Amino acid sequence: ACLAGVFSFTDGVALVCQRGLLMSKAPIGEMLAITCSKDEFLNYKTNTELALHNSRNHCVASGSTEDILVLEAQVLTNGHTCKRLKVNHAFHSYLMDSIAKAFKDLFINITLNIPKIAIISNVTGTWLTPDEATSPDYWYRQLRHTVQFSKGLKTLLAKNSPLFIEVGPGQSLSYFLQETSKSIVAKAPKVIHILQAKHSNESETRRFLNALGYIWQNGI
C-alpha cells in the first residue's frame, strides 16, 4: 500500500510500529498452523478462528490458549499435522477486538489515497478497491479477519502472472504458491527469492544479484 501511494513512507512506518504496539497489548492467545484444507478446518468444533488460509492444504488457527489446546487434540486425533507458532497473541481473531478503536484513531492525522498500482487485498482475496484503501475500517479488518492468501494467489494466477518474487527470508510463501497453483495452471509459475534461506551459506549480495539477473531474464 505504501509503494502504491496509499500513504507516505513515514506514515507507513508509523502505522506498522503503532499497529504492532497495540496488538501486543491485546489479550494473550496462541496460533496453530495445520496441514489441512479450509473445509477440513471448518469441520473442527472449537472456538478458534481461521486466521490465515495460506494454500489448499495449509491453515492457521487463532484463539485463546485453552481453545488452541482443544483444537490441537482434535487435529492430532484426525491424523493431521500441526505446529504452534512462536507468538504470544492470537492475531486475526476476536482477541484483537479490544484494539479496534485505538487502531482506527491512528488514522486521524494520516492521509489515505487511492492506490496508483493494483493491490490484492488480504481481506477479500481480490483487488483492493479505492473505497477500501481509503477507509480506516478496512485497515482494521486487515488485522482482524482471515488472511485470504490462497484466494489472492488464485486471483493473480487467473491473470497468468508470469513471475512471482518472494521478498523475505526462506521460501514458505513460494511453497504456498506452488500448492495453490496445482489446481489452476498446468505449468508451475516462475518464482525467485530475494533473500537466501535461513541456513544457506550463500552471500546476501550474490543471492540478490542472482535474483535481479533472473528477473531481467524474464523481461523485467
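In this predicted model, D105 forms a salt bridge with K101 (a side-chain nitrogen of Lys or Arg within 4 Å of a carboxyl oxygen of Asp or Glu), the closest N and O atoms being 2.9 Å apart. Because D105 and K101 are four residues apart in helix α4, about one helical turn separates them. D105 is partly exposed at 35% relative accessible area, whereas K101, at 61%, counts as exposed (buried means under 20% relative accessible area, exposed over 50%, and partly exposed in between, with a 1.4 Å probe and protein chains only). Residues are numbered from 1 along each chain as its sequence is written. As the model is predicted, local features need pLDDT of at least 70 and side-chain atom pairs count only at pLDDT 80 or more, while totals for chains, interfaces and linings use all residues, and side-chain values use heavy atoms, with hydrogens and water left out.

A search of the whole structure finds nine salt bridges. Among them, K104 pairs with D137 at a closest N to O separation of 3.0 Å, and this pair links distant parts of the chain, K104 lying in helix α4 and D137 in helix α6, 33 residues apart (helices are DSSP runs of H or I of at least four residues, and strands are runs of E of at least two, numbered from the N terminus). The side chains of E72 and R84 also meet in a salt bridge, with 2.9 Å from N to O; E72 belongs to helix α3 (residues 65–77) and R84 to strand β4 (residues 82–84), so the pair ties together parts twelve residues apart in sequence. E72 counts as buried at 18% relative accessibility, R84 as partly exposed at 31%, and E30, E72 and R84 are linked in a network of salt bridges.

The largest nonpolar core has 22 residues (a nonpolar core is a set of buried Ala, Val, Leu, Ile, Met, Phe, Trp, Tyr and Cys residues joined through side-chain atoms within 4.5 Å), and those with the most contacts inside it are V6, F7, I99, F103, L112 and W139. Two or more residues each are contributed by α1 (9–24), α4 (100–105) and α6 (136–144), and the largest share, four residues, comes from α6. A second, separate core of eleven residues includes C36, Y44, I68 and V75.

The structure holds zero disulfides (pairs of cysteine sulfur atoms within 2.5 Å). The sulfur of C82 is 9.5 Å from the closest cysteine sulfur, that of C36, and is therefore too far away for a bond.
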